[in-house]
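Q: I would like to go through this structure with you. Could you take me through its parts one at a time?

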Amino acid sequence: MQFHHHGYVSTDPRVLPAAGVGLDRPAELPSEVDVLIVGSGPAGITAAAQLAHFPGVVTRIVERRDGRLVLGQADGIQARSVETFQAFGFAGQIIEEAYRITETAFWSPDPERPEDIVRSSITPDDPNGISEFPHLIVNQARVIDYFAEYARRGPARGDVDYGYEFVGLRVTGEGDYPVEVTLRRVSGYAGAGINAVKAGGGEGEGETLTVRAKYVVGADGARSEVRRSIGGSLAGSASLHAWGVMDVLAVTDFPDYRKKCIIHSEAGSILHIPREGNHLARIYVDLGETDEHDGGKVRDTPLEEIVARANAILHPYTLDVRDVPWHSVYEVAHRLTDRFDDAATSPDGKGRVFLMGDACHTHSAKAGQGMNVSMQDGWNLGWKLGYVLEGRSPESLLATYSDERQVTAKNLIDFDLEWSTLMAKKPEEFDSPGEVEEFYVRTAEFPAGFMTEYTESMLTSDGAHQELASGFPIGKRFKSVRTTRVADAVEVHLGHHHRADGRFRVYAFADASGERLERWADWVHHADGSPVRRFTPAGADLDAYFDVKAVYQQHHHDVDLARVPRLFLPASGPFGLTDYEKVYAALPGEDIFELRGISREGAVVVVRPDHYVSAILPLDDPEALGAFFAGVFLPR
């Protein structure tokens with residue numbers, strides 16, 4: 001963590017100095033905003049948190065509730081999401097309070113007594129070391145709390161405006177604020193976020209107001225009114241299979257109560273997920289096939305029946321449920337929106353209204369993907385809106401949101417369809433006793449969040465130089481490796497310093513002698529064609545837009561900081577203090593060059609603000625870096 005570069009700090013260093021619109025953020029919702037986000041769920045709050053790092057952008061997020069979410073329905077946190085939490089600065093905190101999944105137990109009918117279940121196997125949660133981060137279970141409400149806190153601490157001082165219901169919108173295509181949004185005040189709350197207070201007598205409740213916006217983001221759930229306003233729909237299929245889900249505080253003799261379990265019995269199936277706090281568990285209980293003509297009668301299944309079915313499945317063990325904070329019944333459905341933006345219908349053919357999260361994709365809860373994919377939707381669009389609105393990039397950048405996330409959502413639906421079908425099978429329907437476990441292990445990279453791979457675009461180069469760093473596949477997330485920070489000999493994961501501050505990362509992996517690195521650094525630092533010189537605003541720090549780091553092959557004792565190019569030791573803040581966190585060395589026994597297939601002749605790895613690898617370039621061709629960024633940034 002870096003601070004003091006703007007002067008001595010004795011308060012919480014995670015609270016960044018206010019800047020731009022954060023210097024005088026109005027308590028009331030303005031009549032004109034740059035970005036209006038509808039819905040403060042995982043997708044919307046992640047986008048708002050990222051936009052809080054763009055102090056030139058007026059962002060407001062409206063929420064129908066009169067305060068923070070108390071009980072969330074999602075709870076599974078994949079490793080990719082924990083990487084994201086690291087970027088937003090709260091991975092350590094949330095890991096401490098979460099339940100950590102380390103292995104999964106599989107239970108099936110006892111061959112000798114089929115009415116009973118027995119443990120058939122246990123598999124590690126991440127047997128292949130996909131990520132250094134864990135698989136967690138934690139209340140969705142707490143995830144939203146952390147993102148909201150990050151937004152409030154950001155330079156733009158983002159926050160949630162509670163008590164506003166979305167009524168409709170109209171894309172006029174006119175003026176600087178071409179989207180006209182109608183909202184209704186549904187509570188007497190005034191102010192935003194933790195400072196919201198109840199106004200006497202419900203003052204203002206029921207009133208409508210109009211907000212004009214440059215862009216609108218619909219993160220308002222599966223029944224999205226924003227989606228309806230742009231003529232969008234969700235299409236797909238229902239499986240005609242129902243599940244009861246309940247959070248329980250229970251006493252039981254089931255030995256794996258504090259392990260994740262996948263249970264198949266003659267009485268049905270259970271997905272058992274222990275939760276944070278040591279006592280709570282979420283149990284998905286198979287309620288069987290449904291009748292498409294009965295008007296959804298299964299949704300009226302009483303809690304007592306769900307508990308009884310759970311006990312039947314767990315036999316010979318018993319589950320004595322003492323308290324149920326939340327429960328629900330749902331029928332599995334897989335649906336995908338026909339559009340992620342309104343470009344096809346807007347007056348000027350440009351996307352002005354964007355959809356994300358459940359407004360775009362719905363599926364079963366058992367694969368633990370909904371909240372996780374939604375957060376990546378929000379991060380993907382958040383920094384792109386910031387770039388366009390601050391004049392860093394052309395509007396064409398926004399088209400990549402739909403191109404990238406629609407494919408990701410389709411892959412999610414396909415995976416979840418296969419997984420939920422497996423979970424609903426009866427024991428006698430499996431091709432082999434270990435079919436579920438085999439699928440679980442074989443597809444582990446997908447539910448962990450690491451199968452996303454963006455194709456060639458203005459943000460993703462072709463694979464012409466992929467062999468220079470084969471372990472960093474272009475279009476996939478940057479998989480971190482431990483290195484040694486040269487200045488202080490501290491071992492750090494290289495990727496963990498990549499925070500959600502809206503900057504591109506450029507990793508220059510040095511050649512053995514360092515001569516190519518020196519020539520490359522000189523060009524990037526001084527040449528007119530360098531992206532650092534072309535696109536960084538006058539008067540800003542050298543690394544304001546591009547965080548350029550060097551990684552040397554030799555031991556850190558053999559790297560002489562006095563001879564390291566000044567590009568990697570830039571002046572920071574008003575006092576021009578040296579930034580010592582940009583020079584790294586390979587860690588003996590865990591050599592990043594070897595582990596990631598990096599050429600000993602050197603290579604350049606470009607990583608976009610949301611962690612995905614944009615380009616692999618030769619170290620002896622610095623002009624290629626300039627050519628790549630010329631397609632992303634607008635000249636100053």
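This is a predicted model: local features need pLDDT of at least 70, side-chain atom pairs count only at pLDDT 80 or more; totals for chains, interfaces and linings use all residues.

Q: How far apart are the C-alpha centres of domain 2 and domain 3?

A: The separation between the C-alpha centres of domain 2 and domain 3 is 47 Å.

Q: And which residues belong to each domain?

A: According to the domain assignment, domain 1 is made of 20–71 + 140–235 + 335–443, domain 2 of 100–132 + 238–333, and domain 3 of 466–632.

Q: Let us turn to strand 23. Is it mostly covered or mostly uncovered?

A: Strand 23, residues 504–509, is mostly covered, with six of its six residues buried.

Q: Which way do its residues point?

A: Phe504, Val506 and Ala508 point one way from strand 23, while Arg505, Tyr507 and Phe509 point the other way. In a regular strand, side chains alternate between the two faces of the sheet.

Q: Which strands does strand 23 pair with, and in what sense?

A: With strand 24 (residues 546–552) the pairing is parallel and covers six bridges. Strand 28 (residues 603–607) is antiparallel to strand 23 and is joined to it by five bridges.

Q: Which residues stand opposite Val506 and Ala508?

A: Val506 is opposite Val548 in strand 24, and Ala508 is opposite Val604 in strand 28.

Q: Changing topic, what is the strand order in the open sheet of three strands?

A: The order is 3-7-4, with antiparallel pairing. Strand 3 (76–77) and strand 4 (99–101) are at the edges with a single partner strand each, so one side of each has no neighbour in the sheet.

Q: How many bridges are there between strand 4 and strand 7?

A: Three bridges link strand 4 to strand 7 (residues 135–137), in the antiparallel sense. Within this pairing, Tyr99 is opposite Ile137 of strand 7.

Q: Staying with strand 3, is Ile77 buried or exposed?

A: Ile77, which is found in strand 3, counts as buried because its relative accessibility is 0%, and buried means under 20%.

Q: What does Ile77 touch?

A: Leaving aside residues up to four places away in sequence, Ile77 touches Val82, Phe85, Pro134, His135, Leu136, Val138, Val143, Met371 and Asn372.

Q: And how far is Ile77 from Phe628?

A: Ile77 and Phe628 are 551 residues apart in sequence, and their C-alpha atoms are 34 Å apart in space.

Q: Now the helices. At what angle do helix 7 and helix 8 cross?

A: The axes of helix 7 (residues 370–389) and helix 8 (residues 399–424) cross at roughly 170° and come within 10 Å. Helix 7 is therefore roughly antiparallel to helix 8, since angles over 145 degrees count as such.

Q: Which residues make that contact?

A: Helix 7 contributes Val373, Gln376, Asp377, Asn380, Leu381 and Lys384, and helix 8 contributes Thr400, Tyr401, Glu404, Arg405 and Leu412. By class, the contact has four nonpolar, three polar and four charged residues.

Definitions and conventions:
Residues are numbered from 1 along each chain as its sequence is written. Side-chain values use heavy atoms; hydrogens and water are left out. Buried means under 20% relative accessible area, exposed over 50%, partly exposed in between (1.4 Å probe, protein chains only). Helices (H or I, at least four residues) and strands (E, at least two) are DSSP runs, numbered from the N terminus. Two strands pair if DSSP finds at least two bridges between them. Axes are lines fitted to C-alpha atoms, for helices over the stretch in contact, and angles run from 0 to 180 degrees between N-to-C directions. Angles under 35 degrees count as roughly parallel, over 145 as roughly antiparallel, 65 to 115 as roughly perpendicular and the rest as oblique. Contact means heavy atoms within 4.5 Å. Ala, Val, Leu, Ile, Met, Phe, Trp, Tyr, Cys and Pro count as nonpolar, Asp, Glu, Lys and Arg as charged, and the others, Gly among them, as polar. Domain bounds come from an automatic or database domain assignment.
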